[in-house]
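Please view the sequence and the structure first.

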Amino acid sequence: MTKTLVIVESPAKAKSINKYLGSNYIVKASVGHIKDLPKNEQAIDKANGFKLNYEIIKGKKKVVDELKKVAGEVEKVLLATDPDREGEAIAWHIANEIQKKNKNISRVVFNEITKNAVLQAIQNPHSLDLDLVRAQEARRALDRLVGFEISPVLWKSLKYGLSAGRVQSVALEWIVNREIEIQNFKSQEYWTLEVIFTTQQKESYTARLYSVLNRIVGDDTEDKKKLRITDQAMIQRCINDIQKHTFVIDNITVKPRKTSPYPPFITSTLQQAASNVLKFTPKRTMTIAQQLYEGLDIGGETTGLITYMRTDSTRLSDEAIEAIRNYISQKYGQKYLPSQPNIFGKAKKGANIQDAHEAIRPTSMKNEPLIVKPYLTDEQFALYELIWNRTVACQMEAATDEITTVDTVSTDEKKTYLFRTTESRPVFEGYRVLWQHGADVQTDEENKEWSSKLPKNLKVRDAVVPEKFNPQQHFTKPPARYNPSSLVKALEDAGIGRPSTYATIIDVLQEREYVILKDRRFYPTDLGISVSKFLQERFDTFLNEELTQKMEAGLDEIAHGKEKYETFLQKFYDLLERAVKEAEQNKDKAGKVLIYLNNKEGNRIKCDKCETGYLVERWNRNGRFASCSNYPDCKNIKNINEKGEIYEPQKREVVPTAEKCHICGKNMLLKEGRFGKYYACIDYPKTCKGTRPYIDPNVETFNCPKCKIGVISEKKGKFGVFYPCNRYPDCDFTMKSKPIVQKCQNCECTLLEEKKNKKYGTQVICPLCKTIQE
């Protein structure tokens, strides 16, 4: 009974820690959560203070029994789950299960999996933080309540299987609203003018037209302002007038500009940087970071390479800062080392700091990227190098540039024309020796600072001559669609959700087919647009950015012991109940909440059939459509296009032909169905069922080897492309792949086809006798 049981979440983490502890310790893994809420309404007892009724997760009973068994055989138990709310909740669940076997249970926390950190944590056990547990439970309960109350309304109104979440719905709203903004964006033309000026010493530089008296471009006022030229005629008037003027250099300013290093990574900024630089999805980033944190075999020793990757703090420990500064001094020299450490631990005003540990950093400055590279996969190395460079760079000296701005003006009294150019010359690279990646910010071309290389000997009042004019046409661009990086940044800036859940939120939006990721940009689907529209119209009082921020703030208050679990949930559940009741006020006879369609003026569209109802949006397995709000009394149905506009489908052309029906002998019509053109009897489908495939004369055909009369050609069916005989149903010969014109080795068939076999690969088979060809 002298041994100690240490319980962690993952087997990889258990393996790493086991190597640091002696034979008196037994390390076991719970393999994540051992308990969860059941998927029914009994999960939360709303009448009893929102008590959560947990159950052992399916498949985890064996793990729990093993933990109980070992706990009963040791002197004490140390719960070493992750140092956040989720880890605290896992530890609490484990403690509740094993306390009957062993009451000597303590909590230990370490921010990195290294020998010193683990041993120090083992020597400083403490009790569970129940405030953190309650904060995690409150989040879980709130998310479950939202799902159970709102999702059924979605199922009844749109289609079964849809979901609505607190943060997920806000993120979807942003993506949909951005798409609407892009679709409604009216691009505007504008022109810029660059002029090459030549000095008396025959040196030249390029400057952009910056401002001009308004009267030159068609305004009678004498105000000078930053120029916006909107058409070619205007730019030509400027060029013609500029050629009548002489120019001098009016002003030269030289200023140093210091750029401070970026702070070390927190969860959200790591996801953003990995997305921008490495093109990783947030989910991929967190998976690889977990591997680096839990430990890898580095030269025969299991080592955790980074600190805990779910953190909101940019703080670095004093020991870490000292080690980084020593490394910079030895590797890069004293000029790269600031006199005092760069401190990033203070939160910006209004920031929502949760579970403030250390920032994400390397656990040891001995583990340089190139030293550990042979032991890492390409993805692990790329992410580790990114974390290493950002961490070291954050403690380096600021980068310095020399910014020279030259103003060139016309020599008339009012200085009608002002041209400006700027040159940026690096003086000291500072932290940029390691970190050259900037923020994910798009600069509008119209407002972009114009820069050009300048001659060295320019002086104020020097005369210059405009030699060459380069007018350029531009068009304003709509705001960019969200990508994984910018969506994570938007969520972080709004204080919505937790950085550790951003990857899951983005995954759910894609799994539910609300959005698709194309060219690393999020596009809402028709379903996503409908869901977002429904939630904005019916639940705007509950699923909105402001209330979601208040929820996050409330969860933080619970974690710090300043808010009670029951009070918090009751307050927001009352709002949720009210929102659901309001949403269900407009129902049709089938109990579905109606989503009214509006015209361009924003008014409801009246049904053109019954003239008493209004057109509403509905969904079925084939997609969305419009129908009357009086359904089923009025069965008026309309089509909806991608923009949500009602349209009348084009009538499919019907062409009389000389083809005779093989059943009744009457003439046949050439029609077009969803799988293409076909022949149908003139009496089809009322009194004759005669149909026949249509063979396009431009499509390759093959003689049918079975009936010897018909021909085979490519057709599209419900399950994809296939090759049937055109005499179907008299001849049922069909092939699943394009025919190969080759005689069978076993029969008289003249066509063969390829078939894929999991065991033997691609095989060539006769479609008649099924013989495999050698």
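In this predicted model, a search of the whole structure finds zero disulfides. For C731, the nearest cysteine sulfur is that of C704, 3.7 Å away. A disulfide requires sulfur atoms within 2.5 Å, so C731 is in no disulfide. C769 is in no disulfide either, as the nearest cysteine sulfur, that of C766, is 3.6 Å away.

| Residue | Relative accessible area | Class |
|---|---|---|
| C725 | 0% | buried |
| C731 | 3% | buried |
| C769 | 28% | partly exposed |

C725 sits in the loop between strand 31 (720–724) and strand 32 (734–735). Leaving aside neighbours within four places in sequence, C725 is in contact with P693, C704, C707, G710, V711, I712, C731 and F733.

P693, one of the contacts of C725, stands in strand 27, opposite Y678. Strand 27 pairs with strand 26 (residues 676–681) in the antiparallel sense, over three bridges. Both belong to an open sheet of four strands, ordered 24-25-26-27, with antiparallel pairing. Strand 24 (655–660) and strand 27 (691–693) are at the edges and have a single partner strand each, so one side of each lacks a neighbour in the sheet. On average, neighbouring strands of this sheet are turned by 40° against each other, direction ignored.

Technical notes: Residues are numbered from 1 along each chain as its sequence is written. This is a predicted model: local features need pLDDT of at least 70, side-chain atom pairs count only at pLDDT 80 or more; totals for chains, interfaces and linings use all residues. Side-chain values use heavy atoms; hydrogens and water are left out. Helices (H or I, at least four residues) and strands (E, at least two) are DSSP runs, numbered from the N terminus. Buried means under 20% relative accessible area, exposed over 50%, partly exposed in between (1.4 Å probe, protein chains only). Contact means heavy atoms within 4.5 Å. Two strands pair if DSSP finds at least two bridges between them. Axes are lines fitted to C-alpha atoms, for helices over the stretch in contact, and angles run from 0 to 180 degrees between N-to-C directions.
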